[in-house]
Amino acid sequence: MIKKFLDLGQQPLANSYLKKKNLYKKEKKYRLQVGLDIEKKLVSIIRTIPSGKMFNDNYPYRSSISKTMNQSFGYFAKKIKKKFKPKFIIEIGSNDGAFLKYFNKKNIVGVEPCNNLAKLTTRSGYKTYSEFWNKKLAKLIKEKFSFSDLIYSANTISHIKDMDTTLNSINLVLSDNGVVILEDPSLLECLKMNAYDQFYCEHIYVFSLISISKIIKKFNLEVFHVEKTKTHGGSNRYYIKKIKNKKYKINKSVKKILKEEVNFGLNKFSTYLQFANRVKKSKKSLLKILINCKNKKLKVIGYGATAKSVTVLNFCKIKKDLISYFLDTTPDKQNKYIPGVHIPIIKYKEPINKNIDVAYLGAWNFKKEIFIKEKNFLKNKGKFLTHVPYPKFI
Ligand code: TYD
């Protein structure tokens, strides 16, 4: 049974940045509500959108665009090569090859349903299947290459509604001593940071160790190690194996993080109601700050037109009168408009300067990288505005 705890109102599809000519066309909207599956302790959005509508040939998001992501994929690739010495890797959701590129082309295949992205890695010589992850594809890969001893998927499994098919397909192609590594935003961090913008159409699930463990058990899989990472505002990296695989012992991180999650109350519905209350307060307070800036005639812009910020802007009904435009480095977002609220997105060309008073951090998860880039803005008394963990200037 799924019990609703949060209502983020009518929302457009998050990554459907609008061209000028489409501004006056009716946009598809859906009600973004979030609930808890009481048995599995699994948090999900309640109404889901068919995947083909979200992941298609126009998908704008590029993993390689940020220095932080590139570095973290590089560091991680090195680490798993050393630790697991994988012979054949499958990456589910290979995006533009930010992870693939650290491996020998013979040892890895990518799976990426967005053809505009799959084309990029195919062109650089990596075998990439431009398809959704399913049993048919898993069988095909197994027949063509053999079993995989390492399956990696970052920020993808949480986007796939049918967990049974996902995990069944993984089991079909995973060798008995193989390892699955899943990396997704952490529910604990999301609740701690009041990062309600982790919820949007693509993020069907926000996992915890509690829920992941329950879900995979049915498929004779178990988590043997968990790592916290800083990506996407706080993620968990789950190392998973077949229960019968005795090659790896259960690391103490599993017990430690489970305890942390239980202590925070992730298995109690009241925790989620409290979170929903904090979200309502966050909306009021962010609007108050922005209206105040407008009254003072301050120049406010947005920094990083993230999918996450689409949730915030539409939930809080923040339009062009409060944030004049967003700057973004992603070519497919530039010269377009934020869905729903129609704030223009402008190409980021150079560090921001004195003409700007306040920059709302849409990409708050890259705060560190951005602050280094914008040190002069900060030196000149420019202010960044964030909503995590609560609305404030930094
Ligand atoms: P991200 O937070 O990774 O994802 P999501 O869209 O899933 O919420 O997106 C980061 C966005 O911020 C991306 O569009 C690129 C942009 N960005 C900048 O414009 N400048 C920067 O310095 C950084 C780090 C990101």
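Start by selecting residues 89-92, strand β4, together with strand β7: the two pair in the parallel sense over three bridges. Keep in mind as you look around that this is a predicted model.

Next, color residues 148-154, the whole of β7. Is this strand mostly buried or exposed? Six of its seven residues are buried, so β7 is largely enclosed by the rest of the structure.

Six bridges join β8 to β7, and the two strands run parallel. Pick S153 and you will find L182 of β8 standing opposite. While you have these strands on screen, show their side chains too: in a regular strand, side chains alternate between the two faces of the sheet.

How does the chain get from β7 to β8? Select residues 163-173, helix α5: together with β7 and β8, this helix makes a right-handed β-α-β unit.

Time to move to another sheet. Select β1, β2, β3 and β9, which form an open sheet in that order, with antiparallel pairing. Which strands sit at the edges? They are β1 (2-12) and β9 (205-206), each pairing on one side only.

For the last stop, select residues 269-295, helix α9. This helix lies across β1, β2 and β3, and runs at about 25° to β1.

Definitions and conventions: Residues are numbered from 1 along each chain as its sequence is written. This is a predicted model: local features need pLDDT of at least 70, side-chain atom pairs count only at pLDDT 80 or more; totals for chains, interfaces and linings use all residues. Side-chain values use heavy atoms; hydrogens and water are left out. Buried means under 20% relative accessible area, exposed over 50%, partly exposed in between (1.4 Å probe, protein chains only). Helices (H or I, at least four residues) and strands (E, at least two) are DSSP runs, numbered from the N terminus. Two strands pair if DSSP finds at least two bridges between them. A crossover is right-handed if, with the strands pointing away from the viewer, the path from the first strand over the helix to the second runs clockwise. Contact means heavy atoms within 4.5 Å. Axes are lines fitted to C-alpha atoms, for helices over the stretch in contact, and angles run from 0 to 180 degrees between N-to-C directions.
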